Amino acid sequence: MPTAEISKPCTPDHLARLRASRDQFLTQEKEDGEKAGERWATESAEYDQLRRLHAQYGESRVDVFFDHERVFEVIEDDGTPLRDELHGFWERWASSKVLPSDEFCEGFVDGALKIFDRL
């Protein structure tokens, strides 16, 4: 029977490396979301969709959730979105088959609102 490898303890250096990796990932997610939001706003959005995003996210960001379902619900405003519509929207604008992170969605809203604020 093989002997079990003794695991090394997680050191402060390990944690610092992982935190830096996490921070870089989250920053990149927000930047990618912002670019996608700008692209959506200029290529596909209707004024009423941007207006709803502004009403929901433009003034106050206290206790605001940027999850992919909520952002899509605000954009579509037609009741509970169908799963296929939700996935199709994010697949197109997030360029991924994986649903986007909250950080991507926050960036997406920020990018779209940058365009709205220019109107």
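## Starting at His 68

Leaving aside residues up to four places away in sequence, His 68 touches Leu 86, Trp 90, Leu 99, Pro 100 and Cys 105. This residue is found in helix H3. Is His 68 buried or exposed? With a relative accessibility of 16%, His 68 counts as buried, because the cut-off for that class is under 20%.

Please keep in mind that the model is predicted.

## The overall picture

The protein chain has five helices and zero strands. Read along the sequence, that gives the pattern α-α-α-α-α. Buried residues account for 32% of the 119 residues in the chain. Among contacts between residues at least 6 apart in sequence, 64% join residues at least 24 apart.

How confident is the prediction? The chain averages a pLDDT of 88, and 88% of the residues score at least 70. Confidence is lowest in H4, with a mean of 89, and highest in helix H5 (residues 102-117), with a mean of 95.

Helix H1 covers residues 12-43, which is 32 residues. From its first C-alpha to its last, H1 reaches 46 Å, close to the 46 Å expected at 1.5 Å a residue. Which residues of H1 are buried? They are Glu 29, Gly 33, Ala 36, Gly 37, Trp 40 and Ala 41. What covers these buried residues includes helix H2 (47-58), H3, H4 and H5.

## How H3 meets H4

Two packed helices are described by the angle between their axes and the distance between the axes. Helix H3 (residues 68-76) and helix H4 (residues 83-93) pack at an angle of about 100°, with axes 11 Å apart. H3 is therefore roughly perpendicular to H4, because angles of 65 to 115 degrees fall in that class.

On the H3 side of this contact are His 68, Glu 69, Val 71, Phe 72 and Ile 75, and they meet Arg 83, Glu 85, Leu 86, Phe 89 and Trp 90 in H4. Sorted by class, the residues of the contact are six nonpolar, one polar and three charged.

## How H3 meets H5

What is the arrangement of H3 and H5? Their axes come within 9 Å and cross at roughly 25°. H3 is therefore roughly parallel to H5, because angles under 35 degrees count that way.

His 68 returns here: together with Val 71 and Ile 75 of H3, His 68 makes the contact with Cys 105, Phe 108 and Val 109 of H5. By class, this contact has five nonpolar, one polar and no charged residues.

## A loop residue to look for

Where is Ser 95? This residue sits in the loop between H4 and H5. Ser 95 counts as exposed, because its relative accessibility is 58% and the cut-off for exposed is over 50%.

Technical notes: Residues are numbered from 1 along each chain as its sequence is written. This is a predicted model: local features need pLDDT of at least 70, side-chain atom pairs count only at pLDDT 80 or more; totals for chains, interfaces and linings use all residues. Side-chain values use heavy atoms; hydrogens and water are left out. Axes are lines fitted to C-alpha atoms, for helices over the stretch in contact, and angles run from 0 to 180 degrees between N-to-C directions. Helices (H or I, at least four residues) and strands (E, at least two) are DSSP runs, numbered from the N terminus. Angles under 35 degrees count as roughly parallel, over 145 as roughly antiparallel, 65 to 115 as roughly perpendicular and the rest as oblique. Contact means heavy atoms within 4.5 Å. Ala, Val, Leu, Ile, Met, Phe, Trp, Tyr, Cys and Pro count as nonpolar, Asp, Glu, Lys and Arg as charged, and the others, Gly among them, as polar. pLDDT is the predictor's confidence in each residue, from 0 to 100. The expected span of a helix is 1.5 Å times one less than its number of residues. Buried means under 20% relative accessible area, exposed over 50%, partly exposed in between (1.4 Å probe, protein chains only).
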